[in-house]
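Okay, everyone, let's get going.

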Amino acid sequence: MPRMLFGIDLVDVRRVAGALDRNGAVYARHVLAEDEQRLHTDPTLASAAGVAVKEGFVKAVGGRPPGFSWHDFVAQGPGGSPALIDRSLAGALPPIAAATGIELTEGRTYTVRGASRDAALARLGEAPGETSVVGAARWGRRHEVIVALAILVTISAKENP
């Protein structure tokens, strides 16, 4: 069974709203790709969800490595994650919902690249090369709080032709 990295984050939507008020679209583009800015019809909620997910991934890789970019984590869309990640997410969701009172009902699959990919490979004891790092995230919201869970695994070129 492959090793996995997990990260969880909680974001106060009001805090992201403040950053958007101060810096507008510049902040959103700094943190999110254009398609990620459409994770929700409300731009503030889309940004807050994106921040929560990416902070979960940052925790999974062990922090922001030298050369870090928010765009190291690239959303691929719903579904498409390896079955192992889907099973792990399914197992982790009930305890998180019980602890936070928030159901994590939204989800995306992610590719990890750049400095964050290298950090994930190092934490997993994998050598760089033909190995990809993929992840999935689930998130949910209650009032002004968004909770996100992120999981990362490696996939060799043989597994992902």
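So, what volume does the largest pocket have? About 220 Å³. Before I go on, this is a predicted model, where local features need pLDDT of at least 70 and side-chain atom pairs count only at pLDDT 80 or more, while totals for chains, interfaces and linings use all residues. Residues are numbered from 1 along each chain as its sequence is written, and side-chain values use heavy atoms, with hydrogens and water left out.

Back to the pocket. By pocket I mean an open set of points on a 1 Å grid over the protein atoms alone, where a 1.4 Å probe fits, with protein on both sides within 12 Å along at least five of seven lines; lining residues have an atom within 4 Å of a point. The volume is the space filled by probe spheres set on the points, which are joined across faces, edges and corners.

Fifteen residues would be a lot to read out, but R15, V16, Y27, V51 and E55 lie nearest the centre of this pocket. β1, α1 and α2 each give two or more residues to the lining, and α1 has the largest share, with seven. Helices here are DSSP runs of H or I, at least four residues, and strands are runs of E, at least two, numbered from the N terminus.

Let's stay with E55, which sits in helix α2. Is E55 buried or exposed? Buried, at a relative accessible area of 15%; the cut-offs are under 20% for buried and over 50% for exposed, partly exposed in between, with a 1.4 Å probe and protein chains only. E55 touches D9, R64 and W70, leaving aside residues up to four places away in sequence. Touching means heavy atoms within 4.5 Å.

Now α2 itself. Of its 19 residues, 16 are buried, so this helix is largely enclosed by the rest of the structure.
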